[in-house]
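The sequence and model are shown below.

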Amino acid sequence: LKQCATQAAVLCAATKLPLLGAVEQGTSAGKSKVVIAADPQLRGSAATVDSNRILSLLDRAMQSLYGLDHPGEPWKKLVRPGEKVGIKVNALGGRGLSTNVALVEAICERLQEAGVKANDIVIWDRDSEELEHVGFRTAWSGTRVQCFGTDRVGFEEELARYGSVGSRLSKILTRNCDVLINVPVLKDHDGAGVTIALKNMYGVIHNPNKYHPQGCDPYIADVNMLPEIRQKMRLTICDATTACYEGGPAFKPEYSWRNNALVVSQDPVALDYTGWQIIERKRAEKGFKTLEADKRMPRYIATAADAQHRLGTNDPRRIALVEV
Amino acid sequence: LRKTNALLSDLLIAALLAALVVDAGCNRGTRRGSAASSASSEIPGWVKSGDTRVFEAADLWKYVDGDAERYLKFGVQRVQTADYKFQNKIEATVDIYTMANAEGARKLFESEPAGDAKRAQLGDAARIYSQSLVFCMGPYLVRMVAFQESAEVSQVLLELGRSIEQGLRK
């Protein structure tokens, strides 16, 4: 992996990532690009995000990530018409700290403009009731965008295995998705330290409760190595509009803040590293100990980057961080 | 997830959670019980906006995945949770965690950083924030989270908390 020409090329080779999804990874060779797009006026005077502004924010993030001028162009690089696109959200935190519905609607709008049929898009997480609870409107037939939980279709019978992990995968992933777009939330996590892109894949398996010991390490990295996840994952759009620096993953408003930002990357490890630093900065600002001092350092990020996993990079020298 | 009516404490808490929603019950034409009448007179304006859900300790991860281990460490037995609205302005979720004993509830409460909380006279110990309220009383830890911000949120949460406290004392 050392001295590679570009991190994207290495990732594609090592992980069999589809080349269609590869962006120009970074402003200089060998770096993974992570874009933080922020809009202080995202909510105006209201508590909820403005749907027009979040669409503009998404466009800004995606155009910067791909280095393209028109809002529709990045999506044509990301998906092809006829592909089934799964948007894996995070509804676990309940109201207040789940993937924003307006953001997902914006993603769906751009996907359809890129030629993906509405009913080839599925918004999903583990449970339909949880999705409804946080504001998604469930649907599993017809011509509109589909939205339902794994509870509706179940898990595959056969175990998928990698390293320490043996899990049954959601049939939504295995049967309804050619492409996976991960849309997690930026959160502190009592066990893992943080939960962002990689940890969100716990919502894909039937037994996430088994994989919380030892700070979820190496389990998070191993789950992300499962071929169905690794091969379908093309992009992470982290919803950091409201983020949590302590007391996560459940919503505790006293430890959450309106960050009004999105963090976007094709490298989930680089994105998790970047998100971790954002949370550490907020913890310091609020007078909290570092996660390491709190014995919750997210070690799984380094594991995901190690020679055995190679899911991305956690080396800040190899992350091209762009703020727009 | 398993709905249970097996234990007396569950029934009491379920009745308490239901009692907090009599205004909703009236609006929807449902019957109110005596406990409900008692509670309704104390917290006018609050209505229930969803079913009460119960998660036993073994299934707690389905409700607070990633946080369940912390509750288990202090001896959680189950949590009952329900959503409420106050005058169609403020929405809140109330979680009542039943621990194995009062010590577990107290230690769980004390394990959480206070941050910029204000103390409140509620239960055995309480912390109140601009949008949330946490208190322990006997074997219970009660967590209330509001989803809107306004000057009145902490006050109406406190009123709701006092009604819950009274119900748990019965």
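Helices (H or I, at least four residues) and strands (E, at least two) are DSSP runs, numbered from the N terminus. The model is predicted: local features need pLDDT of at least 70, side-chain atom pairs count only at pLDDT 80 or more, and totals for chains, interfaces and linings use all residues; side-chain values use heavy atoms, with hydrogens and water left out. Residues are numbered from 1 along each chain as its sequence is written, while chains are lettered from A and ligands numbered from 1 in the order in which they are written.

**Helix α9 of chain A**

Just after α9(A), Gly287(A) adopts a positive phi of about 85°. At the start of α9(A), a side-chain oxygen of Asp267(A) comes to within 2.9 Å of the backbone nitrogen of Val269(A); a polar contact is a pair of N or O atoms within 3.5 Å, where, within protein, one must be able to donate a hydrogen and the other to accept it, and residues adjacent in sequence count only if both atoms are side-chain atoms. The helix covers residues 268–285, and its 18 residues should span 26 Å at 1.5 Å a residue, which agrees with end C-alpha atoms 26 Å apart. The expected span is 1.5 Å times one less than the number of residues. Because 14 of the 18 residues are buried, α9(A) is largely enclosed by the rest of the structure. Buried means under 20% relative accessible area, exposed over 50%, and partly exposed in between (1.4 Å probe, protein chains only).

**Cysteines and a buried strand residue**

Zero disulfides are found over all chains, a disulfide being a pair of cysteine sulfur atoms within 2.5 Å. The sulfur of Cys108(A) has its closest cysteine sulfur in Cys147(A), 8.7 Å away and too far for a bond. For Cys177(A), the closest cysteine sulfur is that of Cys108(A), at 12 Å, which is also too far for a bond. Cys108(A) is buried at 5% relative accessibility, and Cys177(A) is buried at 2%.

Val179(A) belongs to strand β7 (residues 179–182) of chain A and is buried, with a relative accessible area of 0%. Val179(A) and Lys84(A) lie 95 residues apart in sequence, yet their C-alpha atoms are 6.3 Å apart in space.

**Cavities and pockets**

On a 1 Å grid over the protein atoms alone, a cavity is a set of points where a 1.4 Å probe fits but cannot get out, and a pocket is an open set with protein on both sides within 12 Å along at least five of seven lines; lining residues have an atom within 4 Å of a point. Grid points are joined across faces, edges and corners, and a volume is the space filled by probe spheres set on the points. The structure holds five cavities of 30 Å³ or more.

| Space | Volume | Lining residues |
|---|---|---|
| Largest cavity | about 360 Å³ | 27 residues |
| Largest pocket | about 720 Å³ | 28 residues |
| Second largest pocket | about 500 Å³ | 26 residues |

Residues nearest the centre of the largest cavity include Leu92(A) and Tyr63(B). Among those closest to the centre of the largest pocket are Arg43(A) and Thr242(A). The lining of the second largest pocket has five nonpolar, six polar and 15 charged residues; Ala, Val, Leu, Ile, Met, Phe, Trp, Tyr, Cys and Pro count as nonpolar, Asp, Glu, Lys and Arg as charged, and the others, Gly among them, as polar.
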